[in-house]
There are 2 protein chains.
Amino acid sequence: MNIRDIAKLSGYSSGTVSRVINNNDYVSEKARKTIKKIIKEYDYAPNDVARNLSNGKTCDIGVVLPHNKHPYYTQLVDGIMDEAFASGYRIVLLPSKFDSKTELKYLNRLRRKAYDSIIFTSHGLPLEKIYKYKQYGSIVCCQNPGEYDIAAAYTMRESSYIDALNWIKLHNFKKISILLSRDTTVSATAQKTFSAYEKVFNTAPKNELLNTNVTTFEDGYSAAKQFHANHQYPDVYFTNGDDIAAGVRQFYLDNSLEIPQLIGQENQLSGQILNIPTINHHFQQVGKLACRLAINNQTKQLPVESEFIFRQQKAIEN
Amino acid sequence: MNIRDIAKLSGYSSGTVSRVINNNDYVSEKARKTIKKIIKEYDYAPNDVARNLSNGKTCDIGVVLPHNKHPYYTQLVDGIMDEAFASGYRIVLLPSKFDSKTELKYLNRLRRKAYDSIIFTSHGLPLEKIYKYKQYGSIVCCQNPGEYDIAAAYTMRESSYIDALNWIKLHNFKKISILLSRDTTVSATAQKTFSAYEKVFNTAPKNELLNTNVTTFEDGYSAAKQFHANHQYPDVYFTNGDDIAAGVRQFYLDNSLEIPQLIGQENQLSGQILNIPTINHHFQQVGKLACRLAINNQTKQLPVESEFIFRQQKAIEN
DNA sequence: GTAAATTGTGGAACGCGTTCCATGTCAAGT
DNA sequence: ACTTGACATGGAACGCGTTCCACAATTTAC
């Protein structure tokens with residue numbers, strides 16, 4: 001059952017049926033009624049794919065994300081979803097698992113008009129390569145694209161990092177451990193952490209107090225454990241998430257050691273419960289802005305400021 | 001630039017070009033080479049929408065979910081995403097915000113062939129209504145569809161609830177508070193909680209120790225506060241999530257009151273940190289199964305057993 | 001050597017909705 | 001009475017890839 005069948009059955013042409021379906025002008029009341037009756041009678045529903053083909057757009061936005069387990073992605077997706085819903089767009093989840101080949105596959109799907117636009121919540125592919133696909137549709141990144149003329153909404157982490165590190169400096173902590181989720185060679189966030197550190201302390205972070213690939217509670221726990229095994233005793237941990245900081249804390253608790261100062265990120269529940277100072281990144285807001293850029297096909301860059309939230313860690317812990 | 005342009009430019013027909021693109025049989029090496037060269041030269045990429053139209057399927061699965069903020073949904077989506085990715089399907093997020101009209105809109109999109117199938121992670125619409133749309137595509141629910149012949153993957157909560165409540169009974173707790181996320185009139189989970197309660201205690205839960213619409217840390221906090229304001233003093237809280245239990249705990253901490261026994265759900269980080277007994281629902285596994293049902297268009301029902309995980313709450317808390 | 005099978009290719013038809021252009025009708029305007 | 005413009009509708013063309021059928025050219029088989 002297609003639009004031409006309805007046309008025949010109602011005695012009108014497909015054009016008129018289309019006009020009725022889309023509530024266009026210039027259709028007589030009589031035609032409208034007759035056609036609507038037939039549509040109902042034969043339980044006809046227009047094919048969305050054909051419609052998309054004809055209209056040359058899908059109202060679908062592809063969202064590339066490595067996984068959905070981390071609050072960065074979850075919140076981002078939630079923000080994107082909200083905005084897309086409000087504008088009548090739909091979002092298609094494109095899991096990348098941090099694989100560049102997969103990301104390229106998705107860019108090619110944009111090229112093949114499967115999506116109107118694509119949002120990278122994170123990307124392994126170099127921006128140079130991504131940039132080449134701009135001609136095929138609107139592309140938005142959630143990281144600072146630097147010199148590249150690519151649309152982006154992203155968190156401005158540095159000033160909040162500087163705030164946090166200044167706080168550390170002010171309180172005279174000396175052995176500063178930094179737990180990163182990814183290496184500085186691949187992660188802009190890690191780079192920002194380093195540059196902030198250098199701005200505040202005029203020196204690079206100490207290698208022996210550094211750890212990468214730390215992303216979960218468990219990772220935080222093992223990182224702390226490892227430091228102690230290596231006879232390194234940080235007095236403050238600058239971590240990539242409250243959950244991680246909570247993991248670090250757990251190690252000290254389990255070993256009846258005094259809990260060092262912790263700094264988390266992302267204002268997660270764990271940090272709220274344990275009163276860990278944190279850095280709030282407003283990811284949901286970033287998602288919203290990214291989605292808006294995607295929909296309007298604007299090549300703007302919209303930084304969103306993060307903020308250091310101080311909390312007094314409790315002196316006595318369970 | 002479309003397939004016919006490539007056909008003309010290469011001196012072959014569109015059929016042959018199509019065969020080259022899809023790596024079909026019966027194409028001479030010469031034709032393959034020539035056509036591939038032209039495709040490359042003109043940077044041609046076949047249109048996915050046209051392809052979908054022609055093939056009569058999109059390889060898209062719509063996933064209806066109220067929001068992406070709760071671990072139930074996040075984990076479910078993650079499981080679905082994994083499975084879809086492995087099978088070459090894509091998932092389209094369909095935010096419902098618990099609104100039946102919106103859900104209906106999505107069912108109609110299934111009817112209009114926008115998706116091959118649709119998964120309801122939760123539904124406000126009565127199953128009767130959903131059932132009617134089965135003819136238009138594969139539909140999968142993540143809740144027990146009871147008598148309806150609808151595909152479903154869902155958690156079997158009752159036996160774990162009975163385990164937890166039996167534990168409560170065994171340890172002689174008397175004032176049992178139940179914090180639910182939604183009302184029994186709409187929520188199957190709430191109903192399961194009630195029926196488990198009745199099976200264990202041979203009586204209904206006490207109304208004055210009951211609270212609904214409790215879904216977050218903050219909600220747990222206020223629920224506990226409210227009980228105390230009403231001079232109700234539960235000695236155990238059976239809650240809908242570890243985060244909620246953590247919120248309850250916080251109220252007692254803040255007021256220097258002895259922390260009652262807590263029982264959480266969903267094995268969240270907060271519960272792990274605070275050693276709150278919990279119920280693990282294996283949502284990711286449910287998501288996987290649901291997605292598989294959707295892809296294979298099977299009308300099976302796959303229950304997944306939950307399990308009560310006991311943990312010794314620490315006596316002294318910070 | 002001829003029938004049968006294999007390989008290669010063209011092209012129309014199909015999937016299906018939208019839109020533009022042509023044509024026609026009728027009432028308002030002058 | 002005649003033009004103009006609003007209203008109404010048909011129908012072809014378009015968006016674009018896939019597939020089936022027909023036909024031709026080779027091979028293989030006996």
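What rotation, and what shift along its axis, superposes chain B on chain A? In this predicted model, the rotation is 180° and the shift along the axis is 0.0 Å, with an RMSD of 0.1 Å. The two copies are thus related as by a two-fold rotation axis. The same surface serves both copies, since 100% of the contact residues of chain B recur in chain A.

Strand pairing also links the two chains. Strand β2 of chain A (residues 90–95) is joined by three bridges to β2(B), and these two strands run antiparallel. Within this pairing, A:Leu93 has B:Ile91 as its bridge partner in β2(B).

How many of the residues of strand β2 of chain B are buried? For this strand, which spans residues 90–95, the count is six of the six, so β2(B) is largely enclosed by the rest of the structure. Taking buried to mean under 20% relative accessible area, one finds that both faces of β2(B) are covered: B:Arg90, B:Val92 and B:Leu94 are buried on one side, while B:Ile91, B:Leu93 and B:Pro95 are buried on the other.

Inside chain B, β2(B) has a further pairing, with strand β1 (residues 60–65), to which it is joined by six bridges in a parallel arrangement. Here B:Val63 has B:Leu93 as its bridge partner in β2(B).

Which strands pair with β6(B), and in what sense? Strand β8 of chain B (residues 236–238) runs parallel to β6(B) and is joined to it by three bridges, whereas strand β7 of chain B (residues 210–211) pairs with β6(B) in the parallel sense over two bridges. B:Ile178 takes part in both pairings, as its bridge partner in β8(B) is B:Phe238 and its bridge partner in β7(B) is B:Leu210. A right-handed β-α-β unit is found here as well, made by β6(B), helix α9 of chain B (residues 188–201) and β7(B).

Terms used: Residues are numbered from 1 along each chain as its sequence is written. Chains are lettered from A and ligands numbered from 1 in the order in which they are written. This is a predicted model: local features need pLDDT of at least 70, side-chain atom pairs count only at pLDDT 80 or more; totals for chains, interfaces and linings use all residues. Side-chain values use heavy atoms; hydrogens and water are left out. Two strands pair if DSSP finds at least two bridges between them. Helices (H or I, at least four residues) and strands (E, at least two) are DSSP runs, numbered from the N terminus. A crossover is right-handed if, with the strands pointing away from the viewer, the path from the first strand over the helix to the second runs clockwise. Buried means under 20% relative accessible area, exposed over 50%, partly exposed in between (1.4 Å probe, protein chains only). Copies are superposed by least squares on the C-alpha atoms of residues with pLDDT of at least 70 in both. Contact means heavy atoms within 4.5 Å.
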